[in-house]
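Trainee: Could we go through this structure together? I would like to begin with the terms and then turn to the ligand.

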Amino acid sequence: MADTTITQTDFEKFREFFYRKTGIQFETSKRYFVDKRLVERMELTGSTSFRNYFTMLRFEASGEELQHLTNLMTVNETYFFREQYQFECLVKSILPEIVSRKTDKKPIRIWVMPSSSGEEPYSIALYLLEYWAAINDWDIEIIASDIDTKILAKARAGHYSVRSVQQLPETLLRKYFERRADGYQICDDLRNAIEFTRVNLSDRADTRAYRDFDVVFCRNLLIYFDDVSRKTAAETFFDAMKPGGYICLGHSESMSRVSSLYKVRKFPEAIVYQKPLEA
Ligand SMILES: C[S@@+](CC[C@H](N)C(=O)[O-])C[C@H]1O[C@@H](n2cnc3c(N)ncnc32)[C@H](O)[C@@H]1O
């Protein structure tokens, strides 16, 4: 008979393990949320006890169970045109600066990390098409990453609920989406414009290949991290950006409190952090 009891010690052991793997810090107040998901996976995997499940989670060579559990533990809340003032900053202030410094015709690279179900990278692509006059003069590469494989599959499919698109102007909805019985399907041109990849921001082996970005959007992820994993994330992004690259965070997040690597840039539309040009 399976025993799905999770003691306080079990919870703490799991919390420490999950934090080391993902950078995500669960407060004790999140115990119900965490336990519920652990029990769900224990039952689905036929584990006889927490101890039995936890051993599998830690030592399974494929990491498959850890991925299933991570997919359940992440908070994927997002929507189109969330914190739109930063997209405005991108087209009105950041891109003009980048272009004015550019001495080659290489693509301008944007990394959306984390992308969740894709609303943010698609919003950026849409914003550039609609509101950046120089769009036809430059190649843009948008790479969108997340740790959650299930949410990335949703992002690639590009099918959205009415709630998810409610901030979009009607004209843009009509232009870039097809109305379906249960929501909206984003057009193939936009779907093909974004490359979605699975990356754990807290794993150097995953992020090593991500380099030479002009702009990074890391919005509403650092709130789930503690100060140590925020600092590591700041260093990871520093390595991933070109000198002079820009990083946009969520409205309640700040780089100044976490790292002194970046310059604060106060643009009319938003506050953004910049890797120094001479770095
Ligand atoms: C609240 S969503 C933010 C989505 C989007 N950036 C926005 O602001 O609307 C947070 C996302 O962070 C992802 N995430 C959590 N830990 C991560 C990690 N260590 N590496 C990469 N993504 C992570 C989750 O899977 C989730 O999709």
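Mentor: Helices and strands here are DSSP runs, numbered from the N terminus; a helix has at least four residues and a strand at least two. Please keep in mind that this is a predicted model.

Trainee: Understood. Where does Pro114 lie in those terms?

Mentor: Pro114 belongs to the loop between β1 and α6, the latter spanning 119-131. The peptide bond that joins Met113 to Pro114 is cis, with omega at about 10°. Most peptide bonds are trans.

Trainee: And what does the backbone of Pro114 have to do with the ligand?

Mentor: One of its backbone N or O atoms lies 2.8 Å from a nitrogen atom of the ligand. Arg219 also has a backbone N or O atom placed 2.9 Å from a ligand nitrogen. In the case of Asn220, an N or O atom of the side chain is 2.8 Å from an oxygen atom of the ligand.

Trainee: How much of the ligand does the protein cover?

Mentor: Taken on its own, the ligand has 610 Å² of accessible area, and the protein covers 99% of that. The ligand sits in the largest pocket.

Trainee: Which residues are closest to the ligand, and how many surround it?

Mentor: There are 23 residues around the ligand, and the closest are Thr78, Arg82, Glu120, Asp146 and Asn220. By type, the shell contains 9 nonpolar, 8 polar and 6 charged residues.

Trainee: Changing topic: how many aromatic pairs are there?

Mentor: The count comes to 20 aromatic pairs.

Trainee: One last item: what is the phi of Phe81?

Mentor: Phe81 has a positive phi of about 60°, although it is not a glycine. Most residues other than glycine have a negative phi.

Trainee: Where is Phe81?

Mentor: Phe81 is in the loop between α4 (64-73) and α5 (85-101).

Key. Residues numbered from 1 in each chain as written. Predicted model: local features only at pLDDT ≥ 70, side-chain atom pairs only at ≥ 80, totals over all residues. Heavy atoms only, no water. Near = heavy atom within 4 Å. Polar contact = N/O pair within 3.5 Å; in protein donor to acceptor, adjacent residues only side chain to side chain. Areas by Shrake-Rupley, 256 points an atom, 1.4 Å probe, with all protein chains shown as cover. 1 Å grid on protein atoms, 1.4 Å probe; cavity = no way out; pocket = protein on both sides within 12 Å on 5 of 7 lines; lining within 4 Å. Sits in = over half its atoms within 2 Å of the grid points. Nonpolar A, V, L, I, M, F, W, Y, C, P; charged D, E, K, R; others polar. Phe/Tyr/Trp six-rings, centres within 6.5 Å; stacked < 30°, edge-to-face > 60°.
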